[in-house]
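Here are some notes to keep beside you on a first look at this model.

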Amino acid sequence: MTSINDAALPYMSPEKTSLSLSYSAESDSRPVDAVIFAGVSLVLGTACRQLFNGTRVPYSVVLLVIGIVLGSLEYGTNHNLGKIGHGIRIWNDINPDLLLAVFLPALLFESSFSMDVHQIKRCLGQMVLLAGPGVLISTFWIGTLLKLTFPYNWDWKTSLLLGALLGATDPVAVVALLKELGASKKMTTIIDGESLMNDGVSVVIFQLFLKMVMGSTSDWGFIIKFLAQNSFGAVGIGVAFGIASVFWLRFVFNDIVVQITVTLSVSYFAYYTAQEWAGVSGILTVITLGMFFAAFARTAFKGDSYQSLHHFWEMVAYIANTLVFILSGVIIAVGDFSSRKITYEGASWGFLFLLYLYVQLSRCAMVGILYPLLRRFGYGLDWKESIILTWSGLRGAVSLSLALSVKQSSGNSYISSETGTRFLFFTGGIVFLTLVVNGSTTQFLLHLLRMNTLTGTKKRILEYTKFEMMNTAFKAFENLGDDEELGSADWHTVLGHIPSLKKLQGEQVNPHDGCEAGNVDPRNIMDIRIRFLNGVQAAYWEMLDDGRITQGTANVLMQSVDEALDLVSTESLCDWRGLKPCVRFPKYYKFLQSRIIPRKLVSYLIVERLESACYISSAFLRAHRIARQQLHGFLGNSDIASFVINESEVEGEEAKQFLEDVRDSFPQVLNALKTRQVTHYVLNHLNGYIKNLEKVGLLQGKEVSHLHDAVQSDLKKLLRNPPLLTLPNANDLITTNPLLRPL
């Protein structure tokens, strides 16, 4: 019995062998030619990215066309591309499982790790609907239409096998498209999450039908066991690897090389463990791992480390995307040349376009059937978003790899060689049509539905930003416009060389002037609240980098902002609401009055909880103060700024009161917290000072390493053994502290 997991030999079709037999005998190709092809692909991809930047042509579509052209030139001109052609054939002959194993872990981890955790939580119901029932609906819809209308005498299992192969969107293609077009965050999360999850589900269903086609038992017990084992087993392995790697990262201090290596290695090792050792879905495993990292490990990367990690994975995803789409184009072209008997039949092309119609109809049917439920889960779904969701059903490299597996498994009593060739032909055609037709027109559809235009409030913010840009530019000119060495510069000449500023000269009008506080547009207020809360969240990240808050506190604070962002259209600022349970002490503390309770337990239940509450309250007040200053500096004394600033001040009253109570009754807690903060800040400052001395050339090599290691050693000691609080007698602590008295 053969499946995608059991494939062990490189793929080489009989037709392709006959095409290149004479050439292979005297070929001087070497494995290094594969590297040459990869380098040429990256050069072509980079050139196209630069050439088509700012146009409406999706980058992924251009890469696919390049791949088709290269594959057609190589196999249509009797191998006249030299070493590049050698590399094309080496890559095209790659085992389909290896193709997935090389590119998918990095692409899937990057996409799932970069997703917004709060958005995932809110949209999870919609994602599960689309990835579970949605894939089944598409599979059976396509399979049924194939069985009833295509003249190939396929049985139900074979028809459903092709339906499963084409029933799910491809994360590589969809994620690449959405990042280019700038769709809304909600739509991006839903479509991105659906494409990631349902691709894993579709591979599981594909493996199930492939086993059934190859003669495996097909009773309901086997089907349920197979699906449950692959789905829940994959999630379990992903979570296990996530826990182990996050635990490992807790012992890594400011070493970005180790942090990046951990994330890269664990994604591939988790994929291998699930796919090859446990026999479950490696795709679902890596997706689970990435989401686990997004939820629990994002605050482990601070400052420059997070930026470096982000840039690293962005580069990995770019390289993998470029190679994947060009290889997809090559495979499509080679599939065409290796199945000439089929492609030369006009009926085959007609059935390809009919299959494309079936794929679109299946997507429409799936979204239509699930629409009543999709409207009720998460953020909901309106009719415009449902249209985009329907049209974004792209297929890509994963479908092609699965089709190659079918082709590789053909030529026996279960799947004929002709059937395997038709699978590759139809899959390649659908990948090409969805990427070129759907991918190229999605931006136009967004524009037609007015889903990519600026709202009135965003236009006002943009106008005011332009207003401030001119003021900022003039201040910069005043600071640098005259010096001792070169003399002065002319402002009008400077403007002449900066067209973007020249256009702003006639737009210096504050769009918020003249607004009355009682008549402020609610939509405008909502937009300012969003920007204010984003400023609060940015302040939390800065405090985490400075050591003012811990990772656990940062996670709680970030979540409170995410929850408040969901309510900005209906309520005033309310991020303190999510923090209240963390600064209010439950009634069970009255039992701590007993003298038999160990002091360490009192410390854990009282002091650590109290310290955490103080961390949260002080960070909340500081972040709101920073955000208020930024908002005032941006909008000045406008009524709309005063409106939101007033909401922020009201929000902070309870936090201020809590800290005042702690200061009056238990000042040791605040003193211990401040000591930790100052110590952490001093060490970070020393670290920056050493880097600056190296930058200006006053320190070199071993000197920098010696001082840096000394500071890092102190930082590790601080994080592992922070200053401890000396506790008074437990009974005295409770009776003297009004916060801890029985309610």
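**Notes for a first look**

1. Let us start with a local pair: Arg422 and Glu418 are separated by about one helical turn, because they lie 4 residues apart in helix α19 (residues 417-448). Helices (H or I, at least four residues) and strands (E, at least two) are DSSP runs, numbered from the N terminus. An α-helix has 3.6 residues a turn, so residues three or four places apart point the same way. Arg422 and Glu418 form a salt bridge, with their closest N and O atoms 2.7 Å apart; the term stands for a side-chain nitrogen of Lys or Arg within 4 Å of a carboxyl oxygen of Asp or Glu. Arg422 counts as buried at 6% relative accessibility, whereas Glu418, at 48%, counts as partly exposed. Here buried means under 20% relative accessible area, exposed over 50%, and partly exposed in between (1.4 Å probe, protein chains only).

2. A word on what you are viewing. This is a predicted model, in which local features need pLDDT of at least 70 and side-chain atom pairs count only at pLDDT 80 or more, while totals for chains, interfaces and linings use all residues. Residues are numbered from 1 along each chain as its sequence is written, and side-chain values use heavy atoms, with hydrogens and water left out.

3. Now the overall picture. The protein has 31 helices and 2 strands. Of its 743 residues, 51% are buried. Taking contacts (heavy atoms within 4.5 Å) between residues at least 6 apart in sequence, 81% join residues at least 24 apart.

4. The structure holds 9 salt bridges. Among them is the one between Arg363 and Glu194, whose closest N and O atoms are 2.8 Å apart. This pair links distant parts of the chain, with Arg363 in helix α16 (residues 346-376) and Glu194 in helix α10 (residues 185-213), 169 residues apart. Both Arg363 and Glu194 are buried. Another bridge joins Arg577 to Glu571, with the closest N and O atoms 2.4 Å apart. Arg577 is partly exposed at 46% relative accessibility, and Glu571 is partly exposed at 27%.

5. Please take a look at helix α6 (residues 117-131). The end C-alpha atoms of its 15 residues are only 18 Å apart, short of the 21 Å that a straight helix would reach at 1.5 Å a residue; that expected span is 1.5 Å times one less than the number of residues. A kink of about 60° in α6 is centred on Cys123, the bend at a residue being the angle between axes fitted to the seven residues ending there and the seven starting there. Buried residues of α6 include Cys123, Gln126 and Met127.

6. Which residues make up the aromatic cluster? Phe150, Tyr152, Trp154, Trp349, Phe351, Tyr358, Phe423, Phe425 and Phe426 form it. A search of the whole structure finds 20 aromatic pairs. In one of these, the rings of Phe425 and Phe426 have centres 5.4 Å apart and planes at 55°, so the pair is tilted. Rings of Phe, Tyr and Trp (its six-membered ring) pair if their centres lie within 6.5 Å; planes under 30 degrees apart count as stacked, over 60 as edge-to-face and the rest as tilted. Phe425 and Phe426 are both buried.

7. Two buried residues are worth a click. Val203 is in helix α10 and counts as buried at 6% relative accessibility. Leaving aside neighbours within four places in sequence, Val203 is in contact with Ile283, Val398 and Leu402. Val203 and Ile283 are 80 residues apart in sequence, yet 8.3 Å apart in space, C-alpha to C-alpha. Ser617, in helix α26 (residues 599-635), is buried with a relative accessible area of 0%. Beyond its neighbours within four places in sequence, Ser617 is in contact with Trp576, Val583, Ala655, Phe658 and Leu659.

8. Finally, a loop residue to check. Asn153 lies in the loop between α7 (133-149) and α8 (156-166). Is Asn153 buried or exposed? With a relative accessible area of 78%, Asn153 is exposed. The phi of Asn153 is near 55°, a positive value in a residue other than glycine. Most residues other than glycine have a negative phi.
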